[in-house]
Amino acid sequence: MSNVRHLLGISGGKDSAALAIYLNKLYPKLDMQYYTCDTGRELQETYKLIDQLQIELNKDILQLDSVDLSNQNLESAFDYFLAQYGGLLPAQNMRWCTKKMKLDPFENWIGDVPTISYVGIRGDEDREGYISTKPNIQSIFPFRKNIWSEDVIKRVLDAKNEEQILEYYPKYLEGTKLEKAVKTFKKKLNFAFSKKQKVEALLNIDIKAFNKVVFDYLKTTELPVGQLDEFPLVENNEILVRNDIFQLIEESAVDLPGYYKPLDYVVDGEKGKYFRSRSGCFFCFYQQKIEWVWLLENHPKLFEKAKSYEKEGYSWIEGETLDDLAKPERVEAIKREHLKRKKRAYEKLYKSTDWQDAVLGEDNKRSTTSNASWLDELSDAEGDGCASCFI
Ligand code: SF4
């Protein structure tokens, strides 16, 4: 029996929660361990989600602490590290928060044990997520058509491994499918045929066969998946997109975190909708200005707390303090701009003249684009930020 660990980090977002539910349902025999890294500055909904998930999964979700606060007169891990950084607020180009409060505790906890980290990046997203630089940690993306991380693909497609890989294919394919796979595999990479396109082409021939070939290859390496006797995910050819995630959560006993629920706001007599698009710290610098307004109007104490971290020269938003953002005329301007943008986007997307119906998803039947609803707005935000905090 191998000593490889199977880990899934719960960020507080919908996708990691759905992945936990999905894997628990499909692969109950996988000895999965769940963990979360608490910054001490998460939204209440995140804690509620974790409580509900523990019941749904019938397993504990381990809380990894980045610092021992028992002998410190500090409110949170964030406060501890903020002091260490001399009050320098984290920002997109200075993201010490993720490293110190999410990645370091995770890697310290694992140590040198071979580990498979399951990541909830969906089949409709084009991003890679967290790839540890530690060789004993391997990421797997079960919702995607390509479940393997870039480092694995790079090795599989390396010309020096071609002969070895091609020996595996006849175990899983025959006839024209095999011929096609061999031909595709032998096709040289160039500007018109990228690594990504090659993988896509191989997956399109047969997802399971590709996965089994990769698994055979991994068995000849030191990577964690290769140390397993069997890996049931090679048999999985499902691709899950955003709607599937919502359905998985809806069918479980877990509630969708409340911050996703669109709430009404009114500006210039017109109604718009705002909500928070991501989990993570309530003051996260990745949030859009309309989300700061949402925080101000729906969680005023948290907004005040976020404000209290701003000092001369340090603000959460570049070029604007939260004090300025909270001024009524500024709040109105942000709402007006948000409403204008959404109207433009929905009028373009839908044939409808009533953009509010479209926002509410009531216009789907008339829409030329299927699968469209107010949740499309999430897409605007999902690409930003890091997998550790928001998935
Ligand atoms: S949620 Fe935002 S502020 Fe919090 S740790 Fe993640 S990136 Fe940093």
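## Strands and how they pair

Two strands count as paired if DSSP finds at least two bridges between them. Keep that in mind as you look at this predicted model. Strand β1 (residues 5-9) and strand β2 (residues 32-37) run parallel and are joined by four bridges. Within this part of the model, Leu8 stands opposite Tyr34 in β2.

## The sheet

Let's step back to the sheet itself. Five strands make up an open sheet, and their order is β3-β2-β1-β4-β5, with parallel pairing. At the edges stand β3 (61-64) and β5 (137-140); each has a single partner strand, so one side of each is left without a neighbour in the sheet. From one strand to the next, the twist averages 35°.

Now look for helix α1, which lies across β1, β2 and β4. Its direction is at about 140° to β1.

In soluble globular proteins, nonpolar side chains tend to be buried together. Here, the largest nonpolar core has 46 residues, and those with the most contacts inside it are Ala17, Ala18, Leu19, Ala20 and Leu53. Several elements give two or more residues to this core, including α1 (14-26), α2 (44-57), β4 (115-118) and α10 (242-250). The most comes from α1, which gives seven residues.

Leaving aside residues up to four places away in sequence, Leu19 touches Leu8, Tyr118, Gly120, Pro142 and Phe143. Another core lies apart from the largest one; it has 27 residues, among them Cys284, Trp292, Trp294 and Ile334.

Terms used: Residues numbered from 1 in each chain as written. Predicted model: local features only at pLDDT ≥ 70, side-chain atom pairs only at ≥ 80, totals over all residues. Core = buried A, V, L, I, M, F, W, Y, C linked by C-beta atoms within 7 Å. Buried ≥ 20, exposed ≤ 12 C-beta atoms within 10 Å, placed from the backbone. Contact = placed C-beta atoms within 7 Å. Axes fitted to C-alpha atoms, helices over the stretch in contact; angles between N-to-C directions.
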